[in-house]
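Subject: Structure handover

Hello,

Here is the structure I promised you. Please open it and keep it in view while you read my notes.

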Amino acid sequence: MLVQPTRKALAPFLDQIRALRPDVLFVWSYTMLLPAELLSLAPRGGVNLHGASLPQYRGGHALNWTLINGERETAATLHVIDEGVDTGPVFAERRVPIDDDDDITRVHHKLVDAGGALLREWWPRIERGEA
């Protein structure tokens with residue numbers, strides 16, 4: 001597992017990815033746009049597990065905005081990574097209810113569980129390039 005670098009440390013990070021020769025990139029929780037150079041390093045592209053419903057809650061702090069807006073459910077969402085902010089095609093999601101007594105921590109834990117289940121379900125298809 002690699003951790004997102006600061007923008008100043010992007011070149012060494014790209015070298016690390018290049019050395020790994022990945023078929024596909026997988027991202028769960030990142031805060032910067034992924035440069036085209038990074039996305040081009042994986043022949044099958046990249047997949048992001050986003051912690052909110054798409055396309056309604058693109059971008060950073062999606063869970064915060066979901067709760068601020070009083071939504072009654074959210075989702076763990078798998079989508080293709082492109083050069084935009086959570087703009088790639090969605091191919092799977094797992095809905096998560098938001099209960100009256102839920103706080104951000106509880107909803108986050110629900111999303112982690114839903115995301116893990118979604119990834120276990122979809123990873124074989126992602127590996128085969130079928131997602």
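One definition to start: a residue counts as buried when its relative accessible area is under 20%. Please also keep in mind that this is a predicted model.

Start with strand β3, residues 73–80. Of its 8 residues, 6 are buried, so the strand is largely enclosed by the rest of the structure.

Now look at what β3 pairs with. Strand β2 covers residues 46–50 and pairs with β3 in the antiparallel sense, over 4 bridges. Find Leu49 there: Leu78 in β3 stands opposite. Strand β4, residues 90–97, also runs antiparallel to β3, and 7 bridges join the two. For one of the pairs, take Ala76: its bridge partner in β4 is Arg94.

Next, the surface. Phe26, Trp28 and Val112 make a nonpolar patch of about 250 Å². Val112 sits in helix α4, residues 104–127. Is Val112 buried, partly exposed or exposed? Its relative accessible area is 35%, so Val112 is partly exposed.

Last, the largest pocket. The space in it comes to about 620 Å³. Helix α4 gives the most, with 5.

Best wishes

Key:
Residues numbered from 1 in each chain as written. Predicted model: local features only at pLDDT ≥ 70, side-chain atom pairs only at ≥ 80, totals over all residues. Heavy atoms only, no water. Buried < 20%, exposed > 50% of the residue type's maximum accessible area, 1.4 Å probe, protein only. Pairing = 2+ DSSP bridges. Patch = residues over 30% accessible without salt bridge, like charges linked within 9 Å, V, L, I, M, F, W, Y side chains within 5 Å. Areas by Shrake-Rupley, 256 points an atom, 1.4 Å probe, with all protein chains shown as cover. Salt bridge = Lys/Arg side-chain N within 4 Å of Asp/Glu carboxyl O. 1 Å grid on protein atoms, 1.4 Å probe; cavity = no way out; pocket = protein on both sides within 12 Å on 5 of 7 lines; lining within 4 Å. Points joined across faces, edges and corners; volume = space filled by probe spheres on them.
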